Amino acid sequence: MEGDDQRDELPKVTLAFLRRVEELCPRRVAFEHHNRRGGNRGAPARWRVANQITEHARLAHLEPGRPSPEAFTPLPDLVPEEREVYAAAARWYLQLFGERAVRAVDGDDLDEWETLLPDEGIRLVGRAGLAVEDADGRPELLLLRIGGRAPDAGDPLGSPEARFALLRARDWLAGRSVRLVRADLLYGGMVEHDVAADAALTELQPWLHDRIDALRRRIADPLPRPGLECGRCRCIPGCKAHG
C-alpha cells in the first residue's frame, strides 16, 4: 500500500528525540530514526503503568459517556508495586475525569501512534496523550503522567509533551480550539488551557525545525555512547561498545 510505503520511508522522530536528543546515544538514535530494528526491550516500569492507564481510559471512552471504574483493571504483567501505582493512578483519573462524558478519538480522525509530516521529511511516532471530544464535538487532549515534575500552570506550550501532542494531532485540530489538559495521576495535579491550534502550530514550527536539525547533527557521526540508557536499548546486538 502506498501509505504503508510512505511510513516505511520517512525517518522516525519520537518525543524523546525532540526533548533531549543531545543526551542520547548517537548510534541508538540513528538506528531508531532510520527505522532499523534491534532486539526488543520492555518499557520501563513507569511507562508500563502510564501506557496501561492511557489505553484503559481510551477503551473506557469508546462510547460517549462517563468512564466506568470497571474499565481500570491492571494487566497481569505488572508487579505488585506497579499494581499499587496503577490503582492510585486509576483513582485519580476517575476523580479528575470521572464526570466527563467524552468520546475517544482515533482511527480515521487521528492515528493513535504516528503522524506523517512529509514537508519536514519525518513521521512523528508515539502516543501523544488521549484525544477525546465532548458531547458538542469540542476536542480535548489529555496528557496523563505518573509522577515527575508538577504540571506547569503557565505557558501551555512550554512542555515538549504538549508540543508533541499538538503536532501529532495537527490535522484533527486544524481550524479548531482544543482543551489541553496536563494531569499527574500519582499526586492529582492538573492544569488546563484552551489553545487555538492553528496559531499554536505556527508558533511551534521553528522549535520543530531546530529539534530536527539537532537530531541530524547528533547522528552525523553515529558512534555508540555507553551509559545508563544501555540497559533498555533495543540496539545492543552488534554494538562495538558491548563487543
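This report describes the sheet, cores, salt bridges and aromatic pairs of a predicted model.

## Basis

The model is predicted: local features need pLDDT of at least 70, side-chain atom pairs count only at pLDDT 80 or more, and totals for chains, interfaces and linings use all residues. Residues are numbered from 1 along each chain as its sequence is written, and side-chain values use heavy atoms, with hydrogens and water left out.

Helices (H or I, at least four residues) and strands (E, at least two) are DSSP runs, numbered from the N terminus.

## The sheet

The model has an open sheet of 5 strands in the order β2-β5-β6-β7-β8, with mixed pairing. Two strands count as paired if DSSP finds at least two bridges between them. β2 (102-104) and β8 (190-196) are the edge strands; each has a single partner strand, so one side of each has no neighbour in the sheet. From one strand to the next the twist averages 30°. Axes here are lines fitted to C-alpha atoms, for helices over the stretch in contact, and angles run from 0 to 180 degrees between N-to-C directions.

Strand β7 (residues 177-184) runs antiparallel to β8, and 7 bridges join the two. Ser 177 has Ala 196 as its bridge partner in β8, and Leu 180 stands opposite His 193 in β8. The two strands form a hairpin with 5 residues between them, and Gly 188 in the turn has a positive phi of about 90°.

## Helices on the sheet

Helix α5 (residues 80-97) packs on the sheet and touches β5 (130-134), β6 (139-145), β7 and β8. The direction of α5 makes about 150° with that of β6. Contact means heavy atoms within 4.5 Å. Helix α6 (residues 160-168) lies across β6, β7 and β8 and runs at about 140° to β6.

Burial is defined by relative accessible area: buried is under 20%, exposed is over 50%, and partly exposed is in between (1.4 Å probe, protein chains only). In α6, 7 of the 9 residues are buried, so this helix is largely enclosed by the rest of the structure. Among the buried residues of α6 are Phe 164, Leu 166 and Leu 167, as well as Arg 163 and Arg 168. In a regular strand the side chains alternate between the two faces of the sheet. In β8 the covered face holds Val 191, His 193 and Val 195, while Met 190, Glu 192, Asp 194 and Ala 196 are on the uncovered one.

## Nonpolar cores

A nonpolar core is a set of buried Ala, Val, Leu, Ile, Met, Phe, Trp, Tyr and Cys residues joined through side-chain atoms within 4.5 Å. The largest has 39 residues, and Leu 124, Leu 141, Leu 166, Trp 172 and Leu 173 have the most contacts inside it. Elements giving two or more residues to this core include α2 (15-20), α3 (26-33), β4 (122-125), α7 (170-173) and α8 (197-218). α8 gives the most, with 9 residues.

Leaving aside neighbours within four places in sequence, Leu 173 is in contact with Pro 139, Leu 141, Leu 166, Val 178, Ala 197 and Asp 198. A second, separate core of 20 residues includes Ala 57, Ala 90, Leu 142 and Leu 185.

## Salt bridges

A salt bridge is a side-chain nitrogen of Lys or Arg within 4 Å of a carboxyl oxygen of Asp or Glu; the count comes to 19. Glu 23 and Arg 20 form one at 3.8 Å, N to O. Glu 23 is partly exposed, with a relative accessible area of 46%, and Arg 20 is also partly exposed, at 25%.

Arg 179 forms a salt bridge with Glu 192, with the closest N and O atoms 2.9 Å apart. Arg 179 lies in β7 and Glu 192 in β8, so the pair ties together parts 13 residues apart in sequence. Arg 179 is buried at 15% relative accessible area, whereas Glu 192 is partly exposed at 41%. Salt bridges that share partners join Glu 55, Arg 58, Glu 112 and Arg 127 into one network.

## Aromatic pairs

Rings of Phe, Tyr and Trp (its six-membered ring) pair if their centres lie within 6.5 Å; planes under 30 degrees apart count as stacked, over 60 as edge-to-face and the rest as tilted. The whole structure has 2 such pairs. Phe 72 and Tyr 93 form a tilted pair, 5.4 Å centre to centre with 45° between the planes. Phe 72 is in the loop between α4 and α5 and Tyr 93 is in helix α5, 21 residues apart.

Tyr 93 and Phe 97 form a tilted pair at 4.9 Å centre to centre and 40° between the planes. Both residues lie in α5, 4 residues apart, about one turn of the helix.
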